Amino acid sequence: MSGDREHELVLFGATSFVGELTAAHLARHAPAGTRIALAGRSRERLEKVRDRLPSPGGDWPLIVADTTDPDALARMAASTTALLTTVGPYAKYGLPVVEACATAGTHYADLTGEVQFAREAIDRFDEPARASGARIVHSCGYDSIPSDLSVLLLHSRVQADGEGELTDVTTVARIRGGVSGGTVDSMRGLADGARADRSLAKLMRDPYGLSPERDAEPDTRQPSDNPAPHRVEGRWVAPFVMASYNTRIVRRSNAIAGYAYGKGLRYGEVMGTGKGPVGAITAGVVTGGLGALLAGFVTPGVRQVLDRVLPKPGEGPSEKTRNAGWFRHDIDATTTTGARYTGRVSGSGDPGYAATAVMFGETGLCLALDGDRLPDRAGSLTPATAMGPALVERLRTAGHVYDVDRA
């Protein structure tokens, strides 16, 4: 496909906070000669972003397109092998972009952590994408690549060792980084949607909410997304803010793969807060703070205060904060034979921005350039089922750690 189209990769939303970071990663790390274009609503803003990029980014062509212009989206999608979009919140702006790519047979990736958007995109565009050969891949940043690829690697190792299927898998996440206005706006949208639509609230509570076929899912009881503070391997843990989304992506991958991981898979995520009294106090603060934030978005008066003090869309952590950030996931797994495995995924840089720009940029290059190495699938997929080992290899080369071992 790539030889037939003007571009191999288009970055839509290149003027957003994470969009510019992704553009910079691509300029530094895309293979020489890769045909990349930057897209967005404003040519003037695109030109400013392009002027700040290292070579060869300063010579990339620009595409002006808006999510309210179906014809422009159709032309943009038809011009490229793969398209990355940062234009969110995706529930507001994302569906027309998915539709354009599914229709054109263009591979698509985004950074969503919005369950209602992913569910609607799956329901509406899985079949058109299958027909056109497009891979539609949601959640290709910190949400949810580390979670999705780590469980895939554990499954592959367990299969190679002949140790049956995965049963209990727990990820303990530790992170250091800032918060952006885009993430806050997505959380605000989720809270508003759940308050206005009971069906959305029900979807958000369903552990199999992103399943390709809900009625085919097993009765396996899944871990709570909001556990009380407790200890795992001697360390205190608290609820992890993205567990209620990442876990759905992992379970969707399992279902798409024909439950190859195991129909009895129980997958959960928590946030590590440390050892001893300090770890216990931190776990309590994280638990209470997360609950208060979500409650505040639906509480008149409190909501207005939060809207004034939290970052606005387009704002993000400083360069110093981004560079000082990091993430680390430690994964513990057991199998149907009683074997135990451990995994580690880690990377430097603020996870939501610096590290996400690496993951997102490598996703785009993988979809655009690695077609002959990707699983033979099309439709609404996940990072693990759309790209799998090819993306793991790219991320390792980019400096991220993806390791699994037998315990």
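# Helices, strands and enclosed spaces

Q: Leaving aside its neighbours within four places in sequence, with which residues is Asp370 in contact?
A: This is a predicted model, in which local features need pLDDT of at least 70 and side-chain atom pairs count only at pLDDT 80 or more, whereas totals for chains, interfaces and linings use all residues. Residues are numbered from 1 along each chain as its sequence is written, and side-chain values use heavy atoms, with hydrogens and water left out. If contact is taken as heavy atoms within 4.5 Å, and neighbours within four places in sequence are set aside, the partners of Asp370 are Leu365, Ala390 and Arg394.

Q: Does Asp370 count as buried or exposed?
A: Asp370 lies in the loop between helix 14 and strand 13, where helices (H or I, at least four residues) and strands (E, at least two) are DSSP runs numbered from the N terminus. The classes rest on relative accessible area with a 1.4 Å probe and protein chains only: buried is under 20%, exposed over 50%, and partly exposed in between. Because its relative accessibility is 5%, Asp370 counts as buried.

Q: How far apart are the end C-alpha atoms of helix 1?
A: The expected span of a helix is 1.5 Å times one less than its number of residues. Helix 1 runs over residues 17–29, so its 13 residues should span 18 Å.

Q: Which element gives the most to the lining of the second largest pocket?
A: On a 1 Å grid over the protein atoms alone, a pocket is an open set of points with protein on both sides within 12 Å along at least five of seven lines, a cavity is a set where a 1.4 Å probe fits but cannot get out, and lining residues have an atom within 4 Å of a point. With points joined across faces, edges and corners, and volume taken as the space filled by probe spheres set on them, the second largest pocket has about 520 Å³. Of its 23 lining residues, Leu21, Ala24, Arg28, Arg322 and Ala354 are the closest to its centre, and two or more residues come from each of helix 1, helix 13 (319–324) and helix 14. The greatest contribution, seven residues, is made by helix 1.

Q: In strand 10, which residue is the bridge partner of Pro239?
A: Two strands pair if DSSP finds at least two bridges between them. Strand 7 (residues 166–176) runs parallel to strand 10 (residues 266–274) over six bridges, with Asp168 opposite Arg266. Strand 9 (residues 235–239) is instead antiparallel to strand 10, over four bridges, and the partner of Pro239 is Val270.

Q: What is the volume of the largest cavity?
A: Searching the whole structure gives one cavity of 30 Å³ or more. Among the residues that line the largest cavity are Tyr208, Glu217, Arg251, Asn254 and Lys263. The volume of this largest cavity is about 50 Å³.
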